[in-house]
Amino acid sequence: MPVYPSLTRALAEALVDVLWFVEGCTDEQMDPDDAVKVLEGVAHLVTQLSSDQRREFIDLIGSMAAKEADPSRRAFLEGFPEGFGLVEDDS
């Protein structure tokens with residue numbers, strides 16, 4: 001069992017694990033409408049964070065991405081801030 005430096009880090013890891021699972025589910029594993037509801041619900045929640053909370057979360061996600069060995073999971077983590085509305089899309 002990994003030891004996390006903070007509750008925030010442990011919860012961020014758990015949230016990412018759940019979202020990674022939901023994102024990767026096939027239609028047979030999870031109803032697509034339910035998956036979208038979960039992903040949109042989290043996106044809404046994180047957009048409600050204060051600026052300081054967003055920055056902390058983005059930093060945690062960046063740290064997790066830097067340590068991730070799985071290329072597809074690293075890509076998920078690298079895209080997380082924009083994909084879940086933590087940063088504005090520059091396009």
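Reply: Start with Arg 9 and Glu 13: both are buried. Buried means under 20% relative accessible area, exposed means over 50%, and partly exposed is in between (1.4 Å probe, protein chains only). The model is predicted, with pLDDT of at least 70 needed for local features and 80 or more for side-chain atom pairs, while totals for chains, interfaces and linings use all residues. Numbering runs from 1 along each chain as its sequence is written, and side-chain values use heavy atoms, without hydrogens or water.

Me: What makes Arg 9 and Glu 13 a salt bridge?
Reply: The closest N and O atoms of Arg 9 and Glu 13 are 3.0 Å apart. A salt bridge needs a side-chain nitrogen of Lys or Arg within 4 Å of a carboxyl oxygen of Asp or Glu, so the pair qualifies. Side chains of opposite charge can pair when their charged atoms come close.

Me: Where do Arg 9 and Glu 13 lie?
Reply: Both are in helix 1 (residues 7-24). They are four residues apart, about one turn of the helix. Helices here are DSSP runs (H or I, at least four residues), as strands are (E, at least two), numbered from the N terminus.

Me: How many salt bridges does the rule give?
Reply: Four. Among them is Asp 59 with Arg 55, where the closest N and O atoms are 3.3 Å apart. Asp 59 and Arg 55 are separated by about one helical turn because they sit four residues apart in helix 3 (residues 51-67).

Me: Why do Asp 59 and Arg 55 count as partly exposed?
Reply: Asp 59 has 43% relative accessibility, so it counts as partly exposed. Arg 55 has 44%, so it gets that label too.

Me: Which residues are linked in a network of salt bridges?
Reply: Asp 17, Glu 68 and Arg 73. In the bridge between Glu 68 and Arg 73, the closest N and O atoms are 3.1 Å apart. Both of these residues are buried.

Me: How do you know that Arg 73 is buried?
Reply: Its relative accessible area is 10%, so it passes the buried cut-off. Arg 73 is found in helix 4. From Leu 11 it is 62 residues away in sequence and 17 Å away in space, C-alpha to C-alpha.

Me: What makes Phe 76 and Phe 80 edge-to-face?
Reply: The structure holds five aromatic pairs. In this one the ring centres are 6.0 Å apart and the planes stand at 80 degrees, so the pair is edge-to-face. Rings of Phe, Tyr and Trp (its six-membered ring) pair if their centres lie within 6.5 Å; planes under 30 degrees apart are stacked, over 60 edge-to-face, the rest tilted. Phe 76 and Phe 80 both lie in helix 4 (residues 71-83), four residues apart, about one turn.

Me: Why is the pair of Phe 80 and Phe 84 called stacked?
Reply: Their ring centres are 4.3 Å apart and their planes meet at 20 degrees, so the pair is stacked.

Me: Are Phe 76, Phe 80 and Phe 84 buried or exposed?
Reply: Phe 76 has a relative accessible area of 13%, so it is buried. Phe 80 is at 0% and counts as buried. Phe 84 is at 8% and therefore buried.

Me: Which residues form one aromatic cluster?
Reply: Trp 20, Phe 57, Phe 76, Phe 80 and Phe 84.

Me: Why are Glu 82 and Arg 74 called partly exposed?
Reply: Glu 82 has a relative accessible area of 45%, so it is partly exposed. Arg 74, at 28%, therefore counts as partly exposed as well. Glu 82 lies in helix 4, and Arg 74 lies in helix 4.

Me: Which residues gather in a patch of negative charge?
Reply: Asp 27, Glu 28, Asp 31, Asp 33 and Asp 34, on the surface. Patch residues have over 30% relative accessible area and no salt bridge; like charges are joined within 9 Å, nonpolar side chains (Val, Leu, Ile, Met, Phe, Trp, Tyr) within 5 Å. Asp 34, in helix 2 (residues 32-47), has a relative accessible area of 37%, so it is partly exposed and over the patch cut-off.

Notes. Accessible areas come from the Shrake-Rupley method with a 1.4 Å probe; for residues, only the protein chains shown count as cover. Lys and Arg count as positive and Asp and Glu as negative; His and the chain ends are not counted. The place of a charge is taken as NZ of Lys, CZ of Arg, CG of Asp or CD of Glu.
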